[in-house]
Amino acid sequence: MAWKTKPGIVVETVYFNGYKYNRYPNAKKANHRRYFGRSGGKLLHREKWEHYRGPIPAGWHVHHKDGNPLNNS
């Protein structure tokens with residue numbers, strides 16, 4: 001779902017486990033364009049890993065299996 005919050009700012013929002021995650025498709029920073037995140041720097045794909053598989057092991061990186069950062073299923 002996308003809507004404008006301020007002139008020129010588009011936000012896409014999803015909800016997971018009671019939290020709201022935003023993505024800004026027109027942002028200058030690449031990470032804000034690519035990933036859904038919430039305040040405190042929590043990223044949706046990492047939160048989903050921890051919810052379903054437990055803590056992310058030290059030194060591991062969580063990537064999107066299909067290479068699509070918008071697919072967090």
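The backbone oxygen of Arg33 lies 2.3 Å from a polar atom of the Arg23 side chain, where a polar contact is a pair of N or O atoms within 3.5 Å, one able to donate a hydrogen and the other to accept it within protein, with residues adjacent in sequence counting only if both atoms are side-chain atoms. The model is predicted, so local features need pLDDT of at least 70 and side-chain atom pairs count only at pLDDT 80 or more, while totals for chains, interfaces and linings use all residues. Residues are numbered from 1 along each chain as its sequence is written, and side-chain values use heavy atoms, with hydrogens and water left out.

- Arg23 belongs to strand β3 (residues 19–23), strands being DSSP runs of E with at least two residues and helices runs of H or I with at least four, numbered from the N terminus.
- Arg23 is buried at 9% relative accessible area, given that buried means under 20%, exposed over 50% and partly exposed in between (1.4 Å probe, protein chains only).
- Leaving aside residues up to four places away in sequence, Arg23 touches, among them, Val10, His32, Tyr35 and Leu70, with contact meaning heavy atoms within 4.5 Å.

**Aromatic rings**
- The count is 2 aromatic pairs, for which ring centres of Phe, Tyr and Trp (its six-membered ring) must lie within 6.5 Å, planes under 30 degrees apart being stacked, over 60 edge-to-face and the rest tilted.
- Phe16 and Tyr52 form a tilted pair, at 6.2 Å centre to centre and 45° between the planes, linking strand β2 (residues 9–16) with helix α2 (residues 44–53) across 36 residues.
- Phe16 is buried at 12% relative accessible area, whereas Tyr52 is exposed at 61%.
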